[in-house]
Amino acid sequence: MAKAGFTMEKGPIVLVWFLIIAGTATLIMLSVALSTRMSPMQQSDVTRQGYALRRVLLWALSMSIIASFALSLPSFPYPTASQNRSLRHFSVVARQFSFQLPSTVPLNTDVMFDVSSTDVNHGFGIYDPNGALIAQVQAMPDYTNHLPVRFTIAGRYTIRCLEYCGIAHHLMQASFEAR
Ligand SMILES: [Cu+2]
């Protein structure tokens, strides 16, 4: 019933907007068609204008990409998170076919997972209580990867191996509680 009510209320508004947009687009196309039918242009005139516009657009696009890259680079989170000495560190060790993990992690606190492996490459993927992948890093033998995470949803998080590591890879799951 709620869905039918929604359709009854929103239907006419959507239809009106559709007609306005479709009518405007039709008028624009008609006016372009009528205003250009009497004036044949040389191909070179068209391409010259087009190429000039294309150069301007390419330049503008390049500048905006470089500017947004430069402006967003300072807020890149990983260097500051790695240097935060007050972080609580949790060790994660992956092996065929299990994880050695903390049973609980604190909520709304920056934590650092120090992730390694005792045998082959594994993946350390953290799924929130709603099933969304929120962070992942490789678990590698003889190397420790650092993964900064802040848990904002209380509940049980599922860990899955995200790197094919052998015959029972699909069984390689674990979990911990964030509270
Ligand atoms: Cu695996």
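Q: Let's start with donors: N, O and S atoms within 2.8 Å of the metal. What spacing do the donors of the copper ion follow along the chain?
A: The spacing is C-x1-E-x1-C-x3-H. Keep in mind that this is a predicted model.

Q: Which residues coordinate the copper ion, and at what distances?
A: Cys161 and Cys165 each use SG. Glu163 uses O, and His169 uses ND1. The distances run from 1.9 to 2.5 Å.

Q: What are the angles among the four donor atoms?
A: They go from 83 to 123°, and the site is irregular.

Q: Why irregular?
A: Four donors count as tetrahedral if all angles lie between 85 and 135 degrees.

Q: Cysteine 161: buried or exposed?
A: Cysteine 161 is buried, because its relative accessible area is 6% and the cut-off for buried is under 20%.

Q: And histidine 169, buried or exposed?
A: Histidine 169 is buried too, at 17% relative accessible area.

Q: New topic. Where does aspartate 114 lie?
A: Aspartate 114 is in strand E4, which covers residues 110–117. This aspartate is buried, with a relative accessible area of 17%.

Q: Which side chains make a polar contact with the side chain of aspartate 114?
A: Two histidines do. The side chain of histidine 89 is at 3.0 Å. The side chain of histidine 146 is at 2.7 Å.

Q: What else is aspartate 114 in contact with, leaving aside neighbours within four places in sequence?
A: The contacts include Phe90, Ser91, Val92, Thr144 and Asn145. His89 and His146 are on that list as well.

Q: OK, salt bridges. How many does the count come to?
A: Three salt bridges.

Q: What does arginine 48 form a salt bridge with?
A: Its partner is aspartate 45, with the closest N and O atoms 3.3 Å apart. Both residues lie in helix H2, residues 43–72. They are three residues apart, about one turn of the helix.

Q: Is arginine 48 buried or exposed?
A: Arginine 48 is exposed, at 54% relative accessibility. Aspartate 45 is partly exposed, at 26%.

Q: How far is aspartate 45 from cysteine 161, going by C-alpha atoms?
A: The C-alpha atoms are separated by 59 Å. Along the chain, the two residues are 116 residues apart.

Q: Back to salt bridges. What about arginine 150?
A: Arginine 150 pairs with aspartate 110, and their closest N and O atoms are 3.1 Å apart. Arginine 150 sits in strand E7 (residues 145–150) and aspartate 110 in strand E4, so the pair ties together parts 40 residues apart in sequence. Arginine 150 is partly exposed at 44%. Aspartate 110 is partly exposed at 36%.

Q: Which side chains meet at 3.0 Å, N to O, in a salt bridge?
A: Those of arginine 156 and glutamate 177. Arginine 156 is partly exposed at 44%, and glutamate 177 is partly exposed at 23%.

Q: Switching to rings. How many aromatic pairs does the count come to?
A: Eight aromatic pairs. One of them is phenylalanine 113 with phenylalanine 151, an edge-to-face pair. The centres are 6.1 Å apart, and the planes are at 80°. Phenylalanine 113 is in strand E4, while phenylalanine 151 is in the loop between E7 and E8, 38 residues apart.

Q: Are phenylalanine 113 and phenylalanine 151 buried or exposed?
A: Both are buried.

Q: Which residues do ring pairs link into a cluster?
A: The cluster holds Phe90, Phe99, Phe113, Phe124, Phe151, Tyr157 and Phe176.

Q: Last topic, the backbone. Which peptide bond is cis?
A: The bond from glutamine 96 to phenylalanine 97 is cis, with omega near 0°. Phenylalanine 97 is in the loop between strand E1 (88–95) and strand E2 (98–100).

Q: What is the phi of asparagine 108?
A: Phi is positive, about 55°, although asparagine 108 is not a glycine. Asparagine 108 lies in the loop between strand E3 (104–105) and E4. The residue is partly exposed, at 45% relative accessible area.

Q: And what is the phi of aspartate 142?
A: Aspartate 142 has a positive phi of about 60°, and it is not a glycine. Its place is the loop between strand E6 (133–139) and E7. Aspartate 142 counts as exposed because its relative accessibility is 81%, and exposed means over 50%.

Conventions. Residues are numbered from 1 along each chain as its sequence is written. This is a predicted model: local features need pLDDT of at least 70, side-chain atom pairs count only at pLDDT 80 or more; totals for chains, interfaces and linings use all residues. Side-chain values use heavy atoms; hydrogens and water are left out. Donors are N, O and S atoms within 2.8 Å of the metal (3.2 Å for Na, K and Ca); water is not among the atoms, so sites may look incomplete. Four donors count as tetrahedral if all angles lie between 85 and 135 degrees; four count as square planar and six as octahedral if opposite donors are over 155 degrees apart and all others between 65 and 115; anything else is irregular. Buried means under 20% relative accessible area, exposed over 50%, partly exposed in between (1.4 Å probe, protein chains only). Helices (H or I, at least four residues) and strands (E, at least two) are DSSP runs, numbered from the N terminus. A polar contact is a pair of N or O atoms within 3.5 Å; within protein, one must be able to donate a hydrogen and the other to accept it, and residues adjacent in sequence count only if both atoms are side-chain atoms. Contact means heavy atoms within 4.5 Å. A salt bridge is a side-chain nitrogen of Lys or Arg within 4 Å of a carboxyl oxygen of Asp or Glu. Rings of Phe, Tyr and Trp (its six-membered ring) pair if their centres lie within 6.5 Å; planes under 30 degrees apart count as stacked, over 60 as edge-to-face and the rest as tilted.
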